[in-house]
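Let's take a walk through this protein together. Have the structure open beside you and follow along.

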Amino acid sequence: MEQQAATAAPIGPEAARLLARASNLLGQGNIGAARIVLERAAETGNAQASFMLAETYDPVILSKWGTYGTRGEATKARDLYAKAHAGRVQEAMDRLNALRRE
């Protein structure tokens, strides 16, 4: 699954390790496990983790990824995108706007 680069604050080593693990899980299509890892990374205050976690709840993104059996939650995705945008992830605002159009 393609992960878009986004502008955000630098990340620490633990968050970097967690984001790499989550990216691998997403690449394998394991959304549930990726969510668990991303939740931990987001707890460290990492905006990129919040953005990636939002993607796992975004019905638009889940559809693009062609996932089956993974339920999207637009409200949760919006909240996480807002948190990511507050952390200077610029692409988060685009995703928020796309969700509002759905």
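**A buried pair, and some others**

R95 and E91 are both buried. Keep in mind that this is a predicted model. The side chains of R95 and E91 meet in a salt bridge, with N and O 2.9 Å apart. Why are they separated by about one helical turn? Because R95 and E91 sit four residues apart in helix α6, which covers residues 91–101.

In another one, E73 and R71 join up at 3.2 Å, N to O. Here E73 is partly exposed, with a relative accessible area of 29%, while R71 reaches 60% and so counts as exposed.

Now hop over to helix α2, where E43 and R40 lie three residues apart, about one turn of the helix. They form a salt bridge too, and their closest N and O atoms are 3.7 Å apart. E43 counts as exposed at 61% relative accessibility, and R40 is partly exposed at 35%.

For α2 (residues 31–43) and α3 (residues 47–57), the angle is about 150° and the axes are 9 Å apart. Angles over 145 degrees count as roughly antiparallel, so that is the label for α2 and α3. Their crossing is left-handed.

Which residues of α2 and α3 meet? On the α2 side look for I31, R35, L38, E39, A41 and A42; on the α3 side, A49, S50, M52, L53, T56 and Y57. The residues of this contact divide into eight nonpolar, two polar and two charged.

Technical notes
Residues numbered from 1 in each chain as written. Predicted model: local features only at pLDDT ≥ 70, side-chain atom pairs only at ≥ 80, totals over all residues. Heavy atoms only, no water. Axes fitted to C-alpha atoms, helices over the stretch in contact; angles between N-to-C directions. Helix = DSSP H or I, 4+ residues; strand = E, 2+ residues; numbered from the N terminus. Parallel < 35°, antiparallel > 145°, perpendicular 65-115°, else oblique. Left-handed = near helix turned anticlockwise from the far one by under 90°. Contact = heavy atoms within 4.5 Å. Nonpolar A, V, L, I, M, F, W, Y, C, P; charged D, E, K, R; others polar. Salt bridge = Lys/Arg side-chain N within 4 Å of Asp/Glu carboxyl O. Buried < 20%, exposed > 50% of the residue type's maximum accessible area, 1.4 Å probe, protein only.
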